[in-house]
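Trainee: I am new to this structure and would like to learn how to read its features one at a time. Could you show me the model and then take me through it?

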Amino acid sequence: MVTINRILESKTRVQYQDCDPYNHLNNSKYIDYIMAARTEQLLNEYDFNSSELAKKQGVGWVTAQTQISYFNPASWMEVVTIETRLIQFSESSLLIEALMWNEAKTELKSIMWVKLVHFNIQLQKSNKHSIELMKLFKEVNYPLVDNHTFDERVKSLKQLIIVK
């Protein structure tokens with residue numbers, strides 16, 4: 001039986017143009033880095049290309065909600081590790097969690113939850129996921145056991161960090 005990775009991980013370097021005057025990654029750029037990482041992770045790990053899906057089937061996902069909490073700054077030229085997972089799904093939406101760490105994963109930089117709604121591009125309205133997509137989501141889903149809200153998750157991560 002083939003085991004499928006449910007937590008995806010990749011590394012990237014913080015670029016100068018994405019930083020504020022203090023050489024910290026600009027707050028809005030965390031979202032860009034995380035979404036770009038997730039896109040590449042899906043392509044590399046599952047051979048899942050959302051661009052091709054949009055072109056061929058006319059469907060994709062739009063962001064309905066983004067929640068982010070910052071723990072420690074990511075700095076210019078620092079290599080960060082971005083870890084993502086699908087923590088919840090329905091017939092028409094996904095909830096993705098992303099953690100940004102330092103390269104060694106000893107210092108948490110941020111946590112982000114993004115809710116994505118499946119969308120029919122031609123009809124300009126939400127769309128139900130196909131049977132194939134639902135099967136994939138069931139395989140890769142990695143639900144959180146104790147944290148049902150973003151604030152609960154942030155609180156639990158802060159407690160974990162203090163314990164370390």
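Trainee: In what order do the elements of the protein run from the N terminus on?

Mentor: This is a predicted model, and reading from the N terminus on, its elements follow the order β-α-α-β-β-β-β-β-α-α, which comes to 4 helices and 6 strands.

Trainee: How does the radius of gyration of the protein relate to the globule rule?

Mentor: The radius of gyration is 16 Å, close to the 15 Å that the globule rule gives for 164 residues, so the protein is as compact as a globular protein of that length. Along its principal axes, the C-alpha trace spans about 45 × 35 × 30 Å.

Trainee: What share of the residues is buried, and what share of the contacts joins residues at least 24 apart?

Mentor: Buried residues, those under 20% relative accessible area, make up 40% of the 164 residues. Among contacts between residues at least 6 apart in sequence, 69% join residues at least 24 apart.

Trainee: How much of the accessible surface belongs to carbon and sulfur atoms, and which residues make a nonpolar surface patch?

Mentor: The accessible surface comes to about 10000 Å², and 51% of that belongs to carbon and sulfur atoms. Tyr 16, Trp 76 and Met 77 make a nonpolar surface patch of about 350 Å².

Trainee: Where does Trp 76 lie, and why is it called partly exposed?

Mentor: Trp 76 lies in the loop between β2 (59–70) and β3 (79–89). Trp 76 is called partly exposed because its relative accessible area is 40%, and that term covers values between the 20% and 50% cut-offs.

Note on methods:
Residues numbered from 1 in each chain as written. Predicted model: local features only at pLDDT ≥ 70, side-chain atom pairs only at ≥ 80, totals over all residues. Heavy atoms only, no water. Patch = residues over 30% accessible without salt bridge, like charges linked within 9 Å, V, L, I, M, F, W, Y side chains within 5 Å. Areas by Shrake-Rupley, 256 points an atom, 1.4 Å probe, with all protein chains shown as cover. Salt bridge = Lys/Arg side-chain N within 4 Å of Asp/Glu carboxyl O. Helix = DSSP H or I, 4+ residues; strand = E, 2+ residues; numbered from the N terminus. Buried < 20%, exposed > 50% of the residue type's maximum accessible area, 1.4 Å probe, protein only. Rg over C-alpha atoms; globule rule 2.2 N^0.38 Å. Contact = heavy atoms within 4.5 Å.
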